Amino acid sequence: MNKQQLANKIWESANKMRSKIEANEYKDYILGFIFYKYLSDNEARFLHSKGMTDEDMASVTEQDADTVKYVQENIGYFIAYGDLFSTWLNMGKDFNVSNVTDALSAFNRLMSPTHKNVFEGIFNTLETGLSKLGESAGARTKAISDLLHLIKDIPMDGKQDYDVLGFIYEYLIGQFAANAGKKAGEFYTPHEVSLLMSEIVAYYLRERQDIQIYDPTSGSGSLLINIGRSVAKHMSDTDHIKYFAQELKQNTYNLTRMNLVMRGINPANIVTRNGDTLEDDWPYFEEGNREATYDPLYVDAVVSNPPYSQNWDPTGKEMNPRFARFGLAPKTKADYAFLLHDLYHIKPDGIMTIVLPHGVLFRGGEEGTIRKNLIEDNHIDTIIGLPANIFFGTGIPTIIMVLKQKRPNTDVLIIDASNGFEKVGKNNKLRASDIRRIADTVIARRDVPKYARVVSREVIRENDYNLNIPRYVDSSKGAESWDIYASMFGGIPAAEIDSLCAYWDALPGLRDALFTEAVPGYCAIRVENVKAAIEAQADVQTFCAQFNSAFAGWSDSLQHELIAGAQSVALSKEETVLSNDVFARLTDVPLLDPYEAYQLLDDSWSKISGDLEIIQTEGFASVSVVDPRMVLKKVNGKDEEVQDGWQGRILPFELVQEALLRPQQDALKQTQEQLTELSAMQEEVLDSLSEEEKDGEELNAEKDAFVPAAVQKKAKQLSADKKKGEVFAEDSYEAKILRVAQAMNDEKALKAKLKADAEALHMLTKATIEGLTDVQQRDMLSRKWIAPLVAAIAKMPENALHALETQVQALADKYAVTFADVEADIRRTENALSAMIDQLECGEYDKKGLSELQYLLGGE
């Protein structure tokens, strides 16, 4: 399994095991054990790298002082062999909850003194929560054993350890947050928002070789992790990134530390604090040694997603250096207090990004004063309006603010990205293309109609320092207008045709090919078939040829990059390489949105990268590996995982059947079609029966369906009657029953054949995958990865032209029927109705009423 498959499996299993424990609590246990597994396997790998065998490791105990010290100095902690995660698994039935409590106690005792800041108390939540896993020692032992076996399959091999384990860790945190509502969502920044902030910060810091980053409300640590990962793409040595984190809540403070360590970050580069950021600022010195340890914290980047609009105590903080220059946030809304804290801690050439509620842009009072001071002191660089309902547990609109200590420019870039998202469950989610579009706009610092605007400080002053996004960027869609003249007399207003100017600019001759002027300012459609006219127009054909030329050789390039280089391609950087190539190819092609192409690439890449991860971990031979397909089924009233056929580790059976087993696949489809026809015939007969005939015992009246046993019984009697010479008319009930009975017999035989043929094809597919040649393996990967992506990109011109066709046809239809036409239709209908009234026979008073109705209709 790749990391996504494994993460899904762990989440599904965790849901079944959770029982009565709250999701937010259960998270602490499962993630705590994952972290302990990481530490155990990390130590085992370290000892193996130093020449120790498994037999040697079995003798590693706490009493071996030299080994203990050596391990502590190198990895920051020591775990005795008897306390390793792998040892627990090997104990089988001898494993007991006491093994865990003893091991966690020993860990606290045997961590390196120099790494206490990273490891001290990190398992407190797990230790105190073990009692909730069962009412007795036996119940707790079983629950823990189940947890250990649930996470034992997480791979631990080489450089991918950190990525795989970190991915699963972040995935589970996200799932728990999504499923536990607001309480869990407080400490989790959705990956997409984190990634957007990371891209902005990483680009700004791209030329630095020593970087310090700080999150004062670190939660799970995901923001710091993603910032570090994005920054690392521009650096040769990731050991030159130092991470500072502060978190108020003990449980989530532990999450921060675990997450940072599990990403393979050198513990010496991790500095964390458990404390109240606003009340207890990052210390300038160590207690007891103030003069020698004086070291104010100023970093290259601060990133944060603080709790929104929470209460705080501003009493006595007027002269606090964090707030003195700008003012104190109101006690009921600490948003600006967090922002000013972040700003204070960045270097003169540093950058900060912070997520805040939309209200900080326009609320008055103390917040208005702070906002004015920030603008006048030239700190606010960019404001990004995010979609609503993007964070777990809250639907309020949020923004990202980018601030700097020193800037050469005095304007503010305002981006309204609130309309760019996809709906996922109850929440909205930024797509890869949305993130790229925002980041590119920030980097280019450009105006984009209906999306972004660079606003001068003078304009902001004119708006009384109100930064509400709609004041500067109108992203709303214009209301549909109706032209009065065209509504009365017909024709398409030239102004409405002008609204499609992007097409007319790109395809200069197309407008005249589609429209002709009827009267000044109004046009008529020149052609009957809009689609055919568009496709035949010379400029359109040139446009399509231009696109084809731009992507000539792209498929071969992908073959070389992804298939020939499958085992060496850098997974963390390859999507960027491919996307830059796509953007470059589309540079001179009009009409097509490169971000749409990027989204198509990203959709494919999420699947491709999972397969590449397996190939790089297991070798190219994994392409021909077939695994048991495991499903959950009820066995003796309990859900158990049982095998249900086979599945390719990388190659889907359907893909292989389509490419290499087409005759067998077609034969199977033909049998399925025959079954469908037989079923339809029975439905047809059923619909033809009269209500009296449906009362027979051959039908189930409630289900409106034939009863097979009764039908066969009746057919047997009727067949005997036919042998005796009785003749049934073709439309008779008896003839219909005989046909249905035969159809049922044929259906039964076909179902048996379908099952046997499907099983045979399934096993043949398994053998085919396992016997693929090298050439066939590469061909299958090309069909899975490259062909769908190339086809999706190739449809972009067609989709763009179809959109034009739809809009042109809509314009033609909009004014095709005038008000005069509608009025004439009404008159004709009234006259027809009046004439019908004349033919009615009725009483005296009814006649008077109908006469009045005729008068109203305009009749005589």
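Q: In this predicted model, which residue lies over the face of F583?
A: The model is predicted. A charge counts as sitting over a ring if CZ of Arg is within 6 Å of the ring centre and within 35 degrees of the ring normal. Over the face of F583, at 4.2 Å from the ring centre, lies R436.

Q: Over the ring of which residue does the charged end of K766 sit?
A: For Lys, the atom considered is NZ, with the limit again within 6 Å of the ring centre. The charged end of K766 is placed 4.6 Å from the centre of the ring it covers, and that ring belongs to W646.

Q: How many aromatic pairs does the structure hold?
A: Rings of Phe, Tyr and Trp pair if their centres lie within 6.5 Å. By that rule the number of aromatic pairs in the structure is 23.

Q: Is the pair of Y36 and W88 stacked or edge-to-face?
A: The centres of the two rings, Y36 and W88, are 4.9 Å apart, with 5 degrees between the planes. Planes under 30 degrees apart count as stacked and those over 60 as edge-to-face. The pair of Y36 and W88 is therefore stacked.

Q: How many residues apart are Y36 and W88 in the chain?
A: Y36 belongs to helix α2 (residues 23-49), while W88 belongs to helix α5 (residues 85-90). The pair thus links distant parts of the chain, and the separation is 52 residues.

Q: Are Y36 and W88 buried or exposed?
A: A residue with under 20% relative accessible area counts as buried, and one with over 50% as exposed. Both Y36 and W88 are buried.

Q: What is the angle between the planes of Y77 and F107?
A: Y77 and F107, both buried, form another aromatic pair, with 5.8 Å centre to centre. Their pair links distant parts of the chain, with Y77 in the loop between α4 (65-75) and α5 and F107 in helix α6 (residues 97-110). The pair is tilted, and the angle between the planes is 45 degrees.

Q: Which helix supplies the largest share of the lining of the second largest pocket?
A: The second largest pocket holds about 800 Å³ of space and is lined by 21 residues, of which R437, V448, P449, Y451 and D593 lie nearest its centre. At least two residues of the lining come from each of α17 (432-444) and α27 (594-618). The largest share, 5 residues, comes from α17.

Q: How many charged residues are in the lining of the second largest pocket?
A: Asp, Glu, Lys and Arg count as charged. The lining of the second largest pocket divides into 6 nonpolar and 6 polar residues, with the number of charged residues being 9.

Q: Which helix supplies the largest share of the lining of the largest cavity?
A: The count comes to 2 cavities of 30 Å³ or more, and the largest cavity holds about 60 Å³ of space. Its lining includes D28, G32, F123 and N251, and α2, α8 (124-129) and α14 (250-262) each supply at least two residues. The largest share, 4 residues, comes from α14.

Q: What is the volume of the second largest cavity?
A: The second largest cavity is lined by residues including L374, H379, R407 and R457, and α16 (365-376) and α18 (457-462) each supply at least two residues of the lining. By class, this lining has 5 nonpolar, 3 polar and 2 charged residues. The volume of the second largest cavity is about 40 Å³.

Q: Why is one side of β12 and of β13 left without a neighbour in the sheet?
A: The open sheet of 3 strands has the order β12-β14-β13, with antiparallel pairing. Because β12 (492-493) and β13 (515-519) each have a single partner strand, one side of each is left without a neighbour; both stand at the edges.

Q: Which residue in β14 stands opposite F515?
A: β13 is joined to the antiparallel strand β14 (residues 522-525) by 4 bridges, and T516 has A524 as its bridge partner in β14. The residue of β14 opposite F515 is I525.

Q: Which residue in the turn of the hairpin has a positive phi?
A: The hairpin is formed by β13 and β14, with 2 residues between them. The residue in the turn with a positive phi, of about 90 degrees, is G521.

Key:
Residues numbered from 1 in each chain as written. Predicted model: local features only at pLDDT ≥ 70, side-chain atom pairs only at ≥ 80, totals over all residues. Heavy atoms only, no water. Phe/Tyr/Trp six-rings, centres within 6.5 Å; stacked < 30°, edge-to-face > 60°. Buried < 20%, exposed > 50% of the residue type's maximum accessible area, 1.4 Å probe, protein only. 1 Å grid on protein atoms, 1.4 Å probe; cavity = no way out; pocket = protein on both sides within 12 Å on 5 of 7 lines; lining within 4 Å. Points joined across faces, edges and corners; volume = space filled by probe spheres on them. Pairing = 2+ DSSP bridges.
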